[in-house]
Number of protein chains: 2
Amino acid sequence: MKLAVIGTGWIVKSFIDGLKFAPDFELFAVYSRSRERGETFAKENGISTVYTSLDELAASPAECVYIASPNALHYTQSKKMLESGKHVICEKPITVTPDEFSELCEIADKNKLIYIEAIMYMHSPVRAALREALGDIGKVWTAHFDFSQYSSKYPAYLRGELPNIFNPAMATGSLMDLGIYCVYPAIDLFGEPETVSAVSAFLESGADAATAVSMLSKNTAITMTSCKTGQDHAGSQIIGERGSIKIGSISKLT
Amino acid sequence: MKLAVIGTGWIVKSFIDGLKFAPDFELFAVYSRSRERGETFAKENGISTVYTSLDELAASPAECVYIASPNALHYTQSKKMLESGKHVICEKPITVTPDEFSELCEIADKNKLIYIEAIMYMHSPVRAALREALGDIGKVWTAHFDFSQYSSKYPAYLRGELPNIFNPAMATGSLMDLGIYCVYPAIDLFGEPETVSAVSAFLESGADAATAVSMLSKNTAITMTSCKTGQDHAGSQIIGERGSIKIGSISKLT
């Protein structure tokens, strides 16, 4: 199956590494807004074709597209690719709003296409191990999930620059970027919440530096914190009647 | 100053141990609803007088009273003692509702009496150390406070008994009993919250087994969890721009 990638960041390189284990895919094209970045990336990764126009990519022979652009672009790019009959695997968060997601699911269904989020947790074998461990600790009454990681871009922000990751116009910030890694296991393990509340501490740019959530799912009282301007050292914890589970890294489940 | 204690639990013994460092106090009486428990306790602790009637205690020569009864009794007992002209030091939570607390503060003011809560955190020298550490880690964007401790009474509850601590008529449960230890440092360090949300996971008895809180104080996104039916192993954490503070036991600040 002919595959194109949108984006040239480190995560795309990582995705390409993973492709070695998926011989049915033939990576032939990369899209970048910058011709120069695209050419460099293509050369480094043995990719034959560079697109700098989404229309060209949409008209290309790509059968599926991996999207790893800034969050704010996920919706329009996914829509264009799905409407062109291409399967889409999109980085998290798959869209910025639920309505956007519903709309794109409908287009995918109508066109009989696979449209899926590249959220590691849901596809990790460690997820099964976590579920098994959960079975050993009895009724879980409370859990706290944290993903707080000091961003390598924060010093630049403090110097007065505006990296994408701290630019709300890019639909980024701690919840979109890190907090989502807490949301997945919480809902996967404990079900959809009956009530949810959240508060954010905002940078002057308008992006959330940190977000705190409290929610109740099937009589389990859950909190989550995420932060891009400080570093976690305590990890996440699930507290059951017969034992507790500590998770050092919620994104990697280690 | 002549002192009486209300209650015969382990915390009263602990309070009496502390009195050795306060030579101005003369412990002369204990109040217990049970004559037998009162007599035993008095003998064990070298106390001369046992009261089983609050009216007798109110009419006694006690100048101050330490109250360590079940939470639901704090208000009425404190009121009676304050109205009888006695200083009151009352175990946490000092009352069950804010209105009760305001009313008793007024009575204390009017009668020129000291009325204070026996909340360890506010009077611990470690509090100053924590504040100092906080000064070293820069702007704090997020913090999580947890006090989850498996109650020694929970097996009895599971056997069908109803210990005070799981009886909502006693105004107990995880938030009243443990969560309060998270509330104090959160507000002390970060100020009164602008918004607060909380959810509880309830036992069939109606007491909360666990409570989860999210709140925003001065642009710091804070969560808290407390649980009486499971055991914490991860502790609490304050995440600043220049470092994080991990706290193993939030009640003892160690």
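The legends below describe close-up views of a predicted model.

**View 1. The two domains of chain A.** Chain A splits into domain 1, residues 2-118, and domain 2, residues 126-247. Their centres, taken over C-alpha atoms, lie 27 Å apart. Seven residues of domain 1 of chain A and ten residues of domain 2 of chain A take part in the contact.

**View 2. The interface between domain 1 and domain 2 of chain A.** The size of an interface is often given as the accessible area lost when the parts come together. For domain 1 of chain A and domain 2 of chain A, about 760 Å² is buried between them. Carbon and sulfur atoms account for 61% of this buried area.

**View 3. Salt bridge and polar contacts across the domain interface of chain A.** One salt bridge is found across the interface of domain 1 and domain 2 of chain A. Lys92(A) pairs with Asp177(A) in a salt bridge, with 3.5 Å between the closest N and O atoms. Four residue pairs are in polar contact across the interface of the two domains of chain A, both residues of each pair being at pLDDT 80 or more. On the side of domain 1 of chain A that touches domain 2 of chain A, there are four nonpolar residues, one polar residue and two charged residues.

Conventions
Residues numbered from 1 in each chain as written. Chains lettered and ligands numbered in written order. Predicted model: local features only at pLDDT ≥ 70, side-chain atom pairs only at ≥ 80, totals over all residues. Heavy atoms only, no water. Domains from an automatic or database assignment. Contact = heavy atoms within 4.5 Å. Buried area = accessible area lost by both parts, 1.4 Å probe. Salt bridge = Lys/Arg side-chain N within 4 Å of Asp/Glu carboxyl O. Polar contact = N/O pair within 3.5 Å; in protein donor to acceptor, adjacent residues only side chain to side chain. Nonpolar A, V, L, I, M, F, W, Y, C, P; charged D, E, K, R; others polar.
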